[in-house]
Amino acid sequence: MPLGNEPPQLLKQRLLIKGRKFNFEINSLRLPNKAEGEWECIRHPGGALAIPVTAEGQLVLVRQYRFAVQGRLLEFPAGTVEVNETPLQTIQREIQEEVGYSAKSWQSLGNFPLAPGYSDEFIYAFLATDLEKIEQPPAGDADEDIEVVYLTPAEFEQAVTNGEGVDAKSIASYMLAKALLAA
């Protein structure tokens, strides 16, 4: 079922913090069912993710340090959609920076809310094929601590099953791509 457009009524904005990548707000709201209360929300411009697949059928991922969980997660390359950038432009830039590839073929897998209990962020997922290794990849963000990892689809599924720290956006995006990967 597609998402509707049922914004709550803003009664009072109590707190607004503008961050580097997203904003945080606490608002007094009246929901469509007339319930009133105070809710926290992260306002995020959205993210884009690619499932890059090599000619040999390997998935290209990153093992990336994430300070919030105090450890490294296995993820598909992804990034925040910047101002005046489409999700496709975002992920075309990100796979070059994060894994050192460009792709000739891009297929949209759809989009989904990442954590709708506290954030309005949507992830736009893409399948990237016909990869070419870049000789001199552009520099990534200074805070990124990334190792490129190659896995078969079966190895990726085993990593998920074994609880090896695969993030949710990567698992969800893989499920959107799974039928295409088997074809």
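Tutor: Before we look at the sheets, note that two strands count as paired if DSSP finds at least two bridges between them, and that helices (H or I, at least four residues) and strands (E, at least two) are DSSP runs, numbered from the N terminus. This is a predicted model, in which local features need pLDDT of at least 70, side-chain atom pairs count only at pLDDT 80 or more, and totals for chains, interfaces and linings use all residues. Residues are numbered from 1 along each chain as its sequence is written, and side-chain values use heavy atoms, with hydrogens and water left out.

Student: Which residue in β2 is the bridge partner of Q9?

Tutor: Strands of a sheet pair through backbone hydrogen bonds, either parallel or antiparallel. Here the partner of Q9 is R30 in β2, and eight bridges join β1 to β2 (residues 23–30), the two running antiparallel. They belong to an open sheet of three strands in the order β1-β2-β3, whose edge strands, β1 (9–18) and β3 (36–43), each pair on one side only.

Student: In what order do the strands of the four-stranded open sheet stand?

Tutor: The order is β7-β4-β9-β8, with mixed pairing. Because β7 (78–80) and β8 (101–113) each have a single partner strand, one side of each is left without a neighbour in the sheet. β8 pairs with β9 (residues 122–133) in the antiparallel sense over eleven bridges, and S105 has T129 in β9 as its bridge partner.

Student: Which strands does helix α3 touch?

Tutor: Contact means heavy atoms within 4.5 Å, and helix α3 (residues 168–182) packs on the sheet, touching β4, β7, β8 and β9.

Technical notes. Axes are lines fitted to C-alpha atoms, for helices over the stretch in contact, and angles run from 0 to 180 degrees between N-to-C directions.
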